[in-house]
Amino acid sequence: MEQTTRRRARARAVAAVMAATAFGVAGCDAVGGDSPAPPGTAAKEGRPSPKPTPVWDTGPDSVAAVGDSITTGFDACAVLTDCPEVSWATGGSEQVDSLAVRLLGRTEAAGRSWNYAVTGARMADLPAQMARAAQRSPELVAVMVGANDACRETTSAMTPVADFRAGFREAMRTLREALPKTQVYVASVPDLKRLWSEGRTNELGKQVWKLGVCPSMLGDADAMDAAATQRRETVHHRVQEYNTVLEEVCAEDRRCRFDGGAVHDYRFGTGQLSRWDWFHPSIDGQSKLAEIAYRTVTATKP
């Protein structure tokens with residue numbers, strides 16, 4: 001009898017403790033205490049989950065440009081002269097509305113865009129340009145390079161594709177070591193063969209070509225024999241290979257956008273070519289390049 005009484009007493013004590021514990025938990029939740037809410041509470045209450053920060057910002061607030069004579073505005077304003085004011089990337093000209101102006105506004109672009117392109121530059125020069133650009137900590141770097149790698153004295157002197165790839169990877173690595181989150185816009189190399197076919201109709205332009213403008217493509221501009229045709233086709237094919245490299249290396253970086261071949265595919269006419277050399281972009285041509293770049297940078301998806 002005594003044992004039975006003790007067992008009943010223990011049972012009542014255990015029940016009392018369990019009831020008190022349950023009441024304590026329920027009471028704490030009921031009065032909004034410090035206990036963390038159970039998983040899924042926010043969703044049940046209809047509160048939206050925070051959206052992840054997008055990898056690509058369509059509105060960067062500073063721009064640096066690297067590349068060659070196209071980005072320096074060469075021959076757009078005067079013969080054999082740079083004219084960065086009309087550069088498609090960073091120029092302040094109202095006739096162009098450069099990428100920087102379209103993104104930042106004309107006043108802001110003047111203080112938050114920088115041009116490190118150099119006339120005559122090739123891919124081998126890009127890492128050093130990228131290092132200089134990185135010192136400004138831009139949110140976007142605009143790249144256009146490769147034409148001079150194909151525009152050599154002879155086709156055999158063109159930059160090998162493997163070297164072109166290695167140079168671009170080094171340039172991207174240089175940027176990433178300094179600025180892991182800076183975005184990169186990469187323009188394709190223009191169709192040099194089309195520029196030849198358009199410019200060869202102008203006698204003044206052909207005389208300027210003889211001064212050394214892209215001899216591998218523009219030399220003996222009127223020659224149509226088998227050797228000349230093969231030479232131009234070799235250059236044309238190499239440009240296509242360079243664009244493949246630009247696209248593939250850019251795709252390795254989640255914050256890089258290639259233009260999808262838009263610059264290469266753009267059908268430059270005589271109105272978009274320099275009236276001095278009929279090869280480099282005119283002011284209107286620079287404006288078209290700016291339009292392509294802006295469209296690529298601001299697209300919701302690449």
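Before I turn to the structure, one definition: a residue is called buried when its relative accessible area is under 20%, exposed when that area is over 50%, and partly exposed in between, using a 1.4 Å probe and protein chains only. By that criterion Ser282 is buried, because its relative accessibility is 9%.

Two remarks on the basis of what follows. This is a predicted model, in which local features need a pLDDT of at least 70 and side-chain atom pairs count only at pLDDT 80 or more, while totals for chains, interfaces and linings use all residues. Residues are numbered from 1 along each chain as its sequence is written, and side-chain values use heavy atoms, with hydrogens and water left out.

Let me begin with the chain as a whole. There are 13 helices and five strands; these are DSSP runs, H or I of at least four residues for helices and E of at least two for strands, numbered from the N terminus. Of the 302 residues, 46% count as buried. Contact here means heavy atoms within 4.5 Å. Among contacts in the chain with a separation of 6 or more, 72% are between residues 24 or more positions apart.

On confidence, pLDDT is the predictor's own confidence in each residue, on a scale from 0 to 100. The chain average is 87, and 82% of the residues score at least 70. In residues 1-11 the pLDDT is below 50, and this stretch has zero contacts in the model beyond near neighbours in sequence. Residues 13-45 also have a pLDDT below 50, with four contacts beyond near neighbours in sequence.

I now return to Ser282. This residue sits in the loop between helix 12 (262-265) and helix 13 (283-298). Leaving out residues up to four places away in sequence, Ser282 touches Ala76, Gly271, Gln272, Leu273 and Ser274.

Next, helix packing. At what angle do the axes of helix 5 and helix 7 cross? The axes of helix 5 (residues 126-134) and helix 7 (residues 161-178) cross at roughly 15° and come within 8 Å. Axes are lines fitted to C-alpha atoms, for helices over the stretch in contact, and angles run from 0 to 180 degrees between N-to-C directions. Angles under 35 degrees count as roughly parallel, over 145 as roughly antiparallel, 65 to 115 as roughly perpendicular, and the rest as oblique. Helix 5 and helix 7 are therefore roughly parallel to each other. From helix 5, Leu126, Pro127, Met130, Ala131 and Ala134 take part, and they meet Gly167, Phe168, Glu170, Ala171, Thr174, Leu175 and Ala178 of helix 7. The residues of this contact comprise nine nonpolar, two polar and one charged. For these classes, Ala, Val, Leu, Ile, Met, Phe, Trp, Tyr, Cys and Pro are nonpolar, Asp, Glu, Lys and Arg are charged, and the others, Gly among them, are polar.

Ala134 counts as buried because its relative accessibility is 9%. Not counting residues up to four places away in sequence, Ala134 touches Leu175, Ala178 and Leu179. Its C-alpha atom is 8.5 Å from that of Thr174, which is 40 residues away along the chain.

A second pair is helix 8 (residues 192-199) and helix 11, which pack at an angle of about 135° with axes 8 Å apart. These two helices are therefore oblique to each other. Helix 8 contributes Leu192, Lys193 and Trp196, and helix 11 contributes Arg232, Glu233, Val235, His236 and Val239. By class, the contact has four nonpolar, one polar and three charged residues.

Met217, in helix 10, touches residues of that contact, including Leu192, Trp196, Arg232 and His236. The relative accessible area of Met217 is 0%, so this residue is buried. Met217 and Arg232 are 15 residues apart in sequence, and their C-alpha atoms are 5.4 Å apart in space.

Cys214 is in the loop between helix 9 (203-209) and helix 10 (215-218), and Asp220 is in the loop between helix 10 and helix 11 (226-251). Cys214 has a positive phi of about 45° although it is not a glycine; Asp220, likewise not a glycine, has a positive phi of about 45°. Which of the two is buried and which is exposed? Cys214 is buried, because its relative accessibility is 5%, whereas Asp220 is exposed, because its value is 61%.
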